Amino acid sequence: MLFAGIDIGATNIKYGLVESDGKIKFRGKITTPGTGLPNKLFEKIIYCAEQLLFEADDLDLPVGYLGVGSPGAINVKTGVVAGACPNIPGWVGFHLRDRLSEHLNIPIFIDNDANCAGLAEYRFGAGQGYEDIICLTVGTGIGGGIIRNGEIYHGSNYSAGEIGHTRIIIDKSGGFESDILERLVSSRAILMRVKNRLEQEMTPAFQNILGGDLSRLTIRRVFSALNKGDKIAHDVINESARILGVALSGIVNLLNPELIIIGGGVAEGGHKFVDIARETIMSECLPVAAETLEVVPTRMGNDAGFIGAAFLGEGKR
């Protein structure tokens, strides 16, 4: 038997077939549509689901259900996107499970994408052997999944783990300002801060990488400049890691997890991003809360979302 999962991201939709031990048998990726949401997005999801079923057919192996990880608070009983989905306009309120069931003749299970990533890490990755975990993805947005006593913790309205919406107070030269974590540490936030600095002064490293064209700026190119010793890239990435660490220190005080796993495109860019976040957490949270805490990078990488989604229905059919 194969397990089928889809991971809906603001930038890409990733999907795959997984064996019972977490090994990937087949994977694919398509670009998330930037306009015409949510119906255009739904068409892409159907395409991914059909590709998975066609591939399983070719392999002559059964698929018992489809699991889907989506941004936003997901009502796991109804499969409706219940709230908090700023990176996909119009997605809140979408009846994802029912709409998929109209097209696919298999059971459908829906959950938050970061919860799916956390489930994958718990089952097959850095979370093996732990029962209380926070899994964080830092990419286009910031998502968080919480595993408590070996189970996904959803909260009373299915919005537990929305770490990206944690409000942070920042000390600036003109006084104090507050903003949510996602608008400070996500790849979009990092790119905006780097761009603002480069508009004032184009550094040699970025001049070489971008050819002077700021429209070519990507998070990968920021890390490339960082590896060349660029000061602007260094300052912005280090500041972002510290802000993330401050936010997580409060969550550590609240939930006292055994393990924090940090993944996503920003965290995986390198330059000790996770190390800086870890040092900040340890210095800012209560000593007793940090006594046995571990903070580690993801082991599952960008595949975690669809792998976790593939196991959402295990034991529930």
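## Strands E4 and E7

Strand E4, spanning residues 63-70, runs parallel to E7, and five bridges join the two. To find one of these links in the predicted model, look at Gly-67, whose bridge partner in E7 is Phe-109.

## Helices on the sheet

Let's turn to the helices that meet these strands. Helix H3, residues 113-124, packs on the sheet and touches E1, E4 and E7. The direction of H3 makes about 100° with that of E7.

## The whole sheet

Stepping back, the strands belong to an open sheet of five, ordered E3-E2-E1-E4-E7, and the pairing is mixed. At the edges sit strand E3 (24-31) and strand E7 (108-112), each of which pairs on one side only. From one strand to the next, the twist averages 15°.

## Two nonpolar cores

Now for the side chains. The largest nonpolar core holds 49 residues, and Leu-244 and Ile-262 have the most contacts inside it. Helix H8 (residues 231-255) is the top contributor to this core, giving eleven residues.

Which residues does Leu-244 touch, leaving aside those up to four places away in sequence? The list is Leu-136, Val-138, Leu-181, Val-185, Ile-262, Phe-273 and Ala-277.

Conventions
Residues are numbered from 1 along each chain as its sequence is written. This is a predicted model: local features need pLDDT of at least 70, side-chain atom pairs count only at pLDDT 80 or more; totals for chains, interfaces and linings use all residues. Side-chain values use heavy atoms; hydrogens and water are left out. Two strands pair if DSSP finds at least two bridges between them. Helices (H or I, at least four residues) and strands (E, at least two) are DSSP runs, numbered from the N terminus. Axes are lines fitted to C-alpha atoms, for helices over the stretch in contact, and angles run from 0 to 180 degrees between N-to-C directions. Contact means heavy atoms within 4.5 Å. A nonpolar core is a set of buried Ala, Val, Leu, Ile, Met, Phe, Trp, Tyr and Cys residues joined through side-chain atoms within 4.5 Å. Buried means under 20% relative accessible area, exposed over 50%, partly exposed in between (1.4 Å probe, protein chains only).
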